[in-house]
Structures are given as structure tokens and as C-alpha cells.
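Please open the structure in your viewer and keep the selection tool at hand.

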Amino acid sequence: MNGSDKAVPQRIGVLGGGQLARMMALAGLPLGFSFDFLDPAGDACAGVAGALTQADFDDLTAMQGFARHIDVATFDFENVPASSALELAGQLPFYPPVKALESCQDRLVEKQLMRQLDIAVPPFHAVNSRTDLLAAVEELGLPCVLKTRRLGYDGKGQAILRQPEDLERAWQRLGDAALIVEAFVPFEAECSLLAVRGQDGETRYWPLVRNLHHDGVLMLSRPGTFAPALQASAEQLAQRLLQHFDYVGVMTIEFFLREGQLSVNEIAPRVHNSGHWTLDGAETSQFENHLRAISGLPLGSTAMSRPSLMFNWLGELPDRARVLALPGVRWHEYGKAPRPGRKLGHATVVAADTAELEQRAGELARQLGGAWDGWLSRL
Ligand code: AMP
């Protein structure tokens, strides 16, 4: 160990023990880190890669005990209560910053911040009553999207309002929570930008990723298909957010692309599903660079090392042997029990060039059957 490495924390504490925490640990163990996870589930899938404390995220006593075993804290789940994050941040380095976590927990606060930073978002209104909803829909027009301000993800806690009859049904389902309604964006594509910022402010960006969602859930991600000008404008917007928060770690920004312009759908203050390709297709993965950032190590290159394309496994895993019989397929399983819609794993197809990537991804989609061919053709 040289002098500059002495202060580098060795024990990483992660609030949340899901697949993101697990992949963080799988990337961090070779770097010499050890991992502690805190999760309400005793069988959280990251547990195989470190010590698991089973506790609720709002259990401040458990939080204090957890803090004693670690040098730096982070999270894999953005709905950790801010009070728990603040408890840890009062005792040791906590990254990304609590204020970024808090802003991203509330869709209204998040969108208001974008406006303040002059970052485009779809037109929106806060909704606290039926009257608010009617007035907002009157102004935005149909279709529009009603979303809970908090705790929504992967299309959960939201309803698309297409015709006037949908309003009452959606209000009955979601009206107990604080809501936001936003204009429906007839986007040409969805994309995401992953950025990493170190403690010294150094910032790097992976190539924009083209994403295909089905029913609000990510199915396919492919990096490196957008023009440099679009990459530059996404990076400019990201830079504003990263500086605003004095951010440390990986941040993900999800965009809608329409008529050449980006507008932000949402921000995740963490590593993200649309960055899983970086494990197999980038010089440094999102997980490794997140750990480098939060522990004060130099950041690694975010360049693409080869063309890649990620398939998400939801609800049930495909036949592993059949998938692995294809050339250039990397299999990642999370060790979670199957449940409808649950993210159980992913595979990355890698290739030497674009033509080979498309041929290999097409072959995998055909082997998988179902809707995969159609999704791939829309990516
Ligand atoms: P979210 O949970 O907000 O990320 O939404 C999940 C997915 O629903 C997005 O990735 C889009 O595919 C779709 N979606 C959400 N909001 C809108 C919107 N305002 N206009 C069109 N599609 C949307």
C-alpha cells in the first residue's frame, strides 16, 4: 500500500441488499473492499457477497450498529428514508449526498429542481385533489400520465389517462397518495446517461444508452447508438445536476428523446439497470466506478470496450444452457426467487462490431421467442 492509498476506506456499507448491491460487491471484492449490507429481507440476494444485517430502513438503532462496522456508506435503493441516511451521514462519509437522495424521492421536488436548473421536463402539475386533477388534465390535455410523487418505480404507482373515463378510475386507485400529473410524451426513443463524479469533482460519462421499456419496465439497453451532439447535450444537463448536488458516485438520468430534443423523465442517484452492460462492454463498470468514487480512488475509463446489448430477465429465467450455447453471451443471475415481474437477472450480448452484435442479439431474441424479436426491432 502506498502513502496515497492509506486513507482509502476498506469496508463499504450498502443500504439495500438487492442485485445492485450484489453487483457492487462482485465488482468491489477484487479491489480489496469488504461489504456490509442492511436490508429488511433476511434472504436479500447481496448477502452471499458480504455480511447482511436484517433491519428496517427506518430502524435508527440498527443504523447506528451498522455504522460501527463500515468506513463509508452508500445505497442501492433510493427510497431509504432521509432520516436514516442523515443518521449515517452524521457518523461517516455517505455518498451520494443525502440531498440528492431526497430530491429524487419525490417526483414533484425533482421536476421543480429541473425547472430551476433550466433542464427540460414534460409539462406537469401537482395533484392533491380531484379538482386539481380535473384542472390539470384540462390544461395538459389527454393523454397524460398520473403518478404518485413517492415510491413509484418501473411504471408502478402510475396510470396513463387516455380518455375522460380514465380519470375517475385512476383517482380511485391512486388518489390516497400525493400525486403529479404530467403530459404524455410521444417520444421517438428513451435513453439514459450514466455519469460518475469523484470526490475531487472529476466527472466521466458512459455513452448514452438506448432503452426499450415494456409496461414501464426496462427490457433492452444498447449503448453507443446516438450522435456525439446528443451525447454532448446530455452531458451538459448532467453536469448541472452533479454540480448542484456536489455529487459523488454514479448518477443516472433517464430521458425522453423527441424531435432531437431531450427532456428528463427521472433521475436515479445510484447505479442503474440501464448501466448493466458496462460490466461486459465498458472499460470500467458502473459498479466499479461508483466504488472508486465513494472511496476516493481514481476513476476508471468509461469508454465502450466493444459493442454490447443487454437483455433483462423478468419473472422467470430463460434456459441458461440454451442461452449460453450462443456465442458472445454473458449471463448474470441475481440469486432471487422467481416472482411475476421480478428482476431475476440479465444477459449481455457482446461482439467485435455492430453487424456481429445485431446478428447475435437477433439470434438470442429468436431463441427466447415470445415478444423479444419485436422489442429488439423497436430498440
Ligand atoms: P417511470 O416509472 O416514471 O420511469 O416510467 C416508466 C416508463 O413509463 C418510462 O420509461 C416510459 O416508458 C413511460 N412513461 C413514464 N412517463 C411518461 C410520459 N410522461 N410520457 C410517455 N411515457 C412515459
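The stops below begin with a sheet, continue with salt bridges and helices, and end in a loop.

This is a predicted model, in which local features need pLDDT of at least 70, side-chain atom pairs count only at pLDDT 80 or more, and totals for chains, interfaces and linings use all residues. Residues are numbered from 1 along each chain as its sequence is written, and side-chain values use heavy atoms, with hydrogens and water left out.

**Stop 1: the sheet**

Select strands E3, E2, E1 and E4, which form an open sheet of four strands in that order, with parallel pairing. Strands (E, at least two residues) and helices (H or I, at least four residues) are DSSP runs, numbered from the N terminus. Two strands pair if DSSP finds at least two bridges between them.

Which strands lie at the edges of the sheet? They are strand E3 (51-54) and strand E4 (72-75), each of which pairs on one side only. From one strand to the next, the twist averages 25°; angles run from 0 to 180 degrees between N-to-C directions, and axes are lines fitted to C-alpha atoms, for helices over the stretch in contact.

Next, highlight strand E2 (residues 34-39), which is joined to E3 by four bridges in the parallel sense. Select Phe37 to find one of these positions: its bridge partner in E3 is Leu52. Five bridges, also in the parallel sense, pair E1 with E2. On that side, Arg11 stands opposite Ser34 in E2.

Is E1 enclosed or open to the outside? Four of its five residues are buried, so E1 is largely enclosed by the rest of the structure. Here, buried means under 20% relative accessible area, exposed means over 50%, and partly exposed lies in between (1.4 Å probe, protein chains only).

**Stop 2: helices on the sheet**

**Stop 3: salt bridges**

Side chains of opposite charge can pair when their charged atoms come close. A salt bridge is a side-chain nitrogen of Lys or Arg within 4 Å of a carboxyl oxygen of Asp or Glu. How many are found in the whole structure? The search finds 15 salt bridges.

Select Asp71 and Arg11, whose side chains meet in a salt bridge (3.1 Å, N to O). Asp71 lies in the loop between H2 and E4 and Arg11 in strand E1, so the pair ties together parts that are 60 residues apart in sequence. Asp71 is partly exposed at 25% relative accessible area, and Arg11 is partly exposed at 33%.

Move to Glu78 and Arg270, which form a salt bridge at 2.4 Å, N to O. Glu78 is in the loop between E4 and helix H3 (82-89), and Arg270 is in the loop between strand E14 (261-268) and helix H9 (278-281), so this pair ties together parts 192 residues apart in sequence. Glu78 is buried, with a relative accessible area of 15%; Arg270 is buried, with a value of 15%.

Then select Arg130 and Glu168, a salt bridge whose closest N and O atoms are 2.8 Å apart. Arg130 belongs to helix H6 (residues 130-140) and Glu168 to helix H7 (residues 165-174), 38 residues apart. Finally, show Lys111, Lys147 and Glu182, which are linked in a network of salt bridges.

**Stop 4: helix H5**

Display helix H5 (residues 107-116) with helix H8 (residues 228-245): their axes come within 11 Å and cross at roughly 110°. That makes H5 roughly perpendicular to H8, a description used for angles of 65 to 115 degrees. Leu113, Met114 and Gln116 in H5 meet Leu241, His244 and Phe245 in H8, where contact means heavy atoms within 4.5 Å.

Now select Arg107, also found in H5. Is Arg107 buried or exposed? Arg107 is buried, with a relative accessible area of 6%. Leaving aside neighbours within four places in sequence, its contacts include Lys147, Tyr153 and Glu266.

**Stop 5: a loop**

End at Pro298, in the loop between helix H10 (286-295) and strand E15 (308-314). Pro298 counts as exposed, at 58% relative accessibility. The C-alpha atoms of Pro298 and Asp59 are separated by 34 Å, the two residues being 239 residues apart along the chain.

Key
Angles under 35 degrees count as roughly parallel, over 145 as roughly antiparallel, 65 to 115 as roughly perpendicular and the rest as oblique.
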